Amino acid sequence: MFTGTDDFTTLLGAVTLLLLTYLWCFRRDPKLPPSPCRPLPFVGHLLLLQKDPRPQFKQWREQCGDLFSVYIGGTMIVVLNGYQLLKETLVQRPDDFSDRPKLFLDEETGIGGLGVVMASGQKWKEQKKVTLQILRNFGLGKNILAEKIQEEISFFADLLASFNGQPVDIKDVTNVSMANIVCSIIFGQRFEYSDARLQRLISGYMATLSDQQSNGVINFIPMLKYIPFDVFKAKRGAKNLQTLLGFLREFVVLKGKTEFNEHNIGNFIAAYTAEMNELKGKNEATNMSEDNLTKIVLDLFIGGSFSMSHTLSWCILYAINFPEYQKKAYEEIHDTVGLDRVPCFKDRPKLAYVTAFIMETQRLSSTVPFALPHTCPRDVYVRGYKIPKGTYIYPNLSSVLHDPNIWGQDVLTFNPQRFLDEDGKLRTREEFVPFSMGRRMCLGEALANMQLFLYLATLLQKFQFLPVDAASPPSMEDVFGFSASPMPYEVRIVERS
């Protein structure tokens with residue numbers, strides 16, 4: 001039988017052994033990027049991470065430098081900060097930093113690693129090339145597509161006018177309108193705002209994005225998906241995504257098979273199907289498939305409607321809070337375009353202030369503060385530090401868009417003048433990176449810029465956006481989640497006489 005002293009000695013020995021084991025397993029490798037502190041066993045830095053990591057990452061950048069590492073579980077994540085580092089990696093070394101890691105929800109689709117957003121290597125290159133070519137054929141950056149957007153804007157404007165200046169939260173109707181733009185491209189048709197299919201589509205992707213806030217940690221600690229009661233919403237997230245994909249597949253079959261006519265290619269699905277059939281008919285090697293098409297449709301829908309809706313909501317929020325800038329943008333439209341016709345995309349070079357207003361919105365709101373994760377296909381070295389093969393790499397876009405050394409000490413103040421020179425002409429800034437950088441920058445950038453310009457120019461021409469309470473305009477604080485969206489707010493939308 002052990003004495004009390006023996007028990008204490010045994011306990012002390014066990015604790016010491018565990019401590020030594022921890023120190024050995026988590027010893028610092030000087031070749032790896034620095035961490036803000038030693039990670040804990042099993043969880044890494046997970047318990048230290050805040051719900052909104054942006055202020056925390058800013059502090060860790062000051063502590064560790066532009067390149068630092070964070071551990072979640074046993075998985076190392078490298079965060080890239082600052083314009084020069086992002087340029088060195090994403091732009092100057094694209095072969096080392098253009099792949100995507102496997103993500104939980106993507107794998108749960110059963111067609112993980114397909115499409116454009118989550119594909120890598122040759123599969124990604126082919127799908128990206130085909131997607132861009134089809135979008136260009138449909139008028140990306142041209143008047144053909146602009147006319148479709150303007151048609152949707154007219155329906156949106158009529159709806160806003162129907163509110164008769166009463167306080168309203170337009171977040172949901174903005175989501176619907178932006179989704180309709182994507183639907184007109186992908187499906188070749190728009191939907192009435194009350195259409196059950198459109199509502200089902202939007203609710204599906206909103207639920208999927210919401211679930212990612214809870215189940216994102218599973219990407220780094222996979223065993224968490226087996227925790228009882230679906231604590232991390234793994235099962236619910238997978239189910240919601242499968243439901244959304246099932247709905248999109250119905251349209252892929254409808255437009256790519258049932259209604260397909262090779263002599264009348266009027267939508268993205270039909271165009272992709274025609275190209276795929278042609279290549280397979282010639283027995284040419286291709287990765288094009290119905291599964292890839294379904295994933296691309298999902299990519300385009302989420303990327304083309306979700307982020308654009310948030311950015312337009314930010315534009316209106318800033319217009320409410322800065323009426324002098326709203327007035328200046330309207331006066332430019334009034335003096336340049338007039339009121340007898342709606343603005344068109346050809347007007348963009350002449351509406352420098354309106355364009356600067358949009359660009360400043362994109363910069364300050366930074367709706368996608370962290371680009372989707374990259375990974376490297378081999379061990380690489382950056383600024384003397386080793387980044388092992390398969391490491392999750394997160395480019396911190398906010399570290400560029402909110403850098404006072406680039407934009408000035410008033411970097412967190414809304415000021416469209418930042419993008420104008422002394423003569424009032426638009427300034428191009430290479431550090432303006434709301435769509436990321438390098439090969440993986442958003443392929444919908446041209447479409448997004450066209451949408452935002454036509455929406456905002458038309459809305460400012462037709463309406464004045466006013467706060468519900470002039471003495472207390474809505475907050476400009478954001479809600480951090482999958483993206484940075486405005487806090488819910490109401491606005492009075494008054495038709496101009």
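**View 1. Strand E1 and its burial.** Strand E1 is largely enclosed by the rest of the structure, because six of its six residues are buried, where buried denotes under 20% relative accessible area, exposed over 50% and partly exposed the range in between, with a 1.4 Å probe and protein chains only. The model shown is predicted: local features require pLDDT of at least 70, side-chain atom pairs count only at pLDDT 80 or more, and totals for chains, interfaces and linings use all residues. Residues are numbered from 1 along each chain as its sequence is written, and side-chain values use heavy atoms, with hydrogens and water left out. In a regular strand the side chains alternate between the two faces of the sheet.

**View 2. The open sheet of three strands.** The strands are arranged in the order E1-E2-E5 with mixed pairing. Strands (E, at least two residues) and helices (H or I, at least four residues) are DSSP runs numbered from the N terminus, and two strands pair if DSSP finds at least two bridges between them. Strand E1 (67–72) and strand E5 (392–395) stand at the edges; each has a single partner strand, so one side of each lacks a neighbour in the sheet. On average, neighbouring strands of this sheet are turned by 25° against each other, direction ignored.

View 3. E1 pairs with strand E2 (residues 75–80) in the antiparallel sense over six bridges. Leu67 has Leu80 in E2 as its bridge partner, and Tyr71 stands opposite Met76 in E2. Two residues lie between the strands of this hairpin, and Gly73 in the turn has a positive phi of about 65°.

**View 4. The contact of helices H14 and H17.** The axes of helix H14 (residues 352–365) and helix H17 (residues 445–462) come within 10 Å and cross at roughly 120°. Axes are lines fitted to C-alpha atoms, for helices over the stretch in contact, and angles run from 0 to 180 degrees between N-to-C directions. H14 and H17 are therefore oblique to each other, given that angles under 35 degrees count as roughly parallel, over 145 as roughly antiparallel, 65 to 115 as roughly perpendicular and the rest as oblique. Val354, Thr355, Phe357, Ile358 and Gln362 of H14 meet Asn449, Leu452, Phe453, Leu456 and Ala457 of H17, contact meaning heavy atoms within 4.5 Å. The residues of this contact comprise seven nonpolar, three polar and no charged; Ala, Val, Leu, Ile, Met, Phe, Trp, Tyr, Cys and Pro count as nonpolar, Asp, Glu, Lys and Arg as charged, and the others, Gly among them, as polar.

**View 5. The packing of helices H10 and H11.** Helix H10 (residues 234–258) packs with helix H11 (residues 268–281) at an angle of about 65°, their axes lying 8 Å apart. Phe251, Val252, Lys255 and Gly256 of H10 and Ile269, Ala270 and Thr273 of H11 make the contact. Its residues divide into four nonpolar, two polar and one charged.

**View 6. The surroundings of Ser398.** Ser398 belongs to helix H15 (residues 398–401) and counts as buried at 8% relative accessibility. Ser398 touches Arg54, Ser366, Pro369 and Asp403, leaving aside residues up to four places away in sequence.
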